[in-house]
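Let us walk through the side chains of this model. Keep the sequence and the 3D view side by side.

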Amino acid sequence: MKHYLLYILIGLAVLPASGQGITDYYRVTQIHQQYQRLLSRYGGPQIRDRWYVALDGFIKTDRAQLDNAYDGLIETNAVGKASGGVTLGWSHRETWAVEGSYSRIPIHTQLAISQTNPSVSIRSIDVRNAFTLRAKRLVLSTSKPWLRSGFWVSGGMWMLPGNNQPTTNFSASGYRYHSQWETHEPFRLTSQTTVQSQTAALAELGVEYNVRLSNSFDLGLSARKLWGLTDVVTTNVTYTALREAPQMATLQGTGSGMSYGVTLRYSFSTQRNQAKVLNIQGKSRLGR
């Protein structure tokens, strides 16, 4: 009989503690579920600072400036060429970013003479090292604040150190016709191209869409407008026909044009601030 009384007393002592443990378990679970709902709505750990490196691939187009088209006889065309580079960048609170990059870009002059046989086209090119400093600002986020996807605008400067290249000369001759019923007239074309040795500069204004691939990788698609601030390649042309006075024209290649690119970024250092979502709805609603 004494043993039965002892078992009853032990049971009465254990049941309140066990019930308290079950209550605490469900209470903690409820708090955790509510925390996850708040987290998904108001944000996870906010990125404060992020350092990244990137590989850039882009197509750059440029068109030389022509001062005398001679009634459409001489024309200049846009030239596009693929290139690539590397970038080191720093982002602050996923709102502002600063980038420094290195790439190799070409600057062209290209002219063509219309209605000739054979067709005549002259292209001169100067490929330079390009060092870019760029500032970026997030203008529209397309994801939750701690995820990194959205539209950015950018502005920057490109510096292109000069290199010494000899002056090049070109000459061509053939026949030109105004229409298929007219007699072909002989012509001669000569050109002289000079590459400036001083440092050149480009100004940039662009837009980019950045999408987060993972915690470490982003992919960016960009379009940038470039303005050449100095002359880089100068081509002087002389056109001589049989019954006409010689015509002179000058093409100035400054690098002005467009750039369309793809960028793959790798974040190697990220510092975060944990969002205090428990204070958003009030701690009293989560229990004390």
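At 43% relative accessibility, Phe131 is partly exposed; buried means under 20% relative accessible area, exposed over 50%, and partly exposed in between (1.4 Å probe, protein chains only). This is a predicted model: local features need pLDDT of at least 70, side-chain atom pairs count only at pLDDT 80 or more, and totals for chains, interfaces and linings use all residues. Residues are numbered from 1 along each chain as its sequence is written, and side-chain values use heavy atoms, with hydrogens and water left out.

A search of the whole structure finds five aromatic pairs. Rings of Phe, Tyr and Trp (its six-membered ring) pair if their centres lie within 6.5 Å; planes under 30 degrees apart count as stacked, over 60 as edge-to-face, and the rest as tilted. The ring centres of Tyr102 and Phe131 are 5.4 Å apart and the planes stand at 45°, so this pair is tilted. Tyr102 sits in strand β5 (residues 96-113) and Phe131 in strand β7 (residues 120-141), so the pair ties together parts 29 residues apart in sequence. Strands (E, at least two residues) are DSSP runs, numbered from the N terminus. Tyr102 is partly exposed, at 32%.

Phe217 and Tyr266 form another tilted pair, with 5.2 Å centre to centre and 45° between the planes. Phe217 belongs to β12 (residues 217-228) and Tyr266 to β15 (residues 257-273), so parts 49 residues apart in sequence are tied together.

Now turn to the nonpolar cores. A core is a set of buried Ala, Val, Leu, Ile, Met, Phe, Trp, Tyr and Cys residues joined through side-chain atoms within 4.5 Å. The largest has 16 residues; Leu73, Ile74, Leu111, Ile113, Val120, Leu189 and Tyr239 touch the most other members. β5, β7, β10 (185-195), β13 (233-241) and β14 (247-253) each give two or more residues to this core. The largest share, three residues, comes from β13. A second, separate core of twelve residues includes Ile107, Ala130, Ala200 and Val232.

Which side chain does Glu208 join through a polar contact of 3.4 Å? The partner is Arg224. A polar contact is a pair of N or O atoms within 3.5 Å; within protein, one must be able to donate a hydrogen and the other to accept it, and residues adjacent in sequence count only if both atoms are side-chain atoms. Glu208 is found in strand β11 (residues 200-212). Glu208 is buried, at 4% relative accessibility.

Note on methods. Helices (H or I, at least four residues) and strands (E, at least two) are DSSP runs, numbered from the N terminus.
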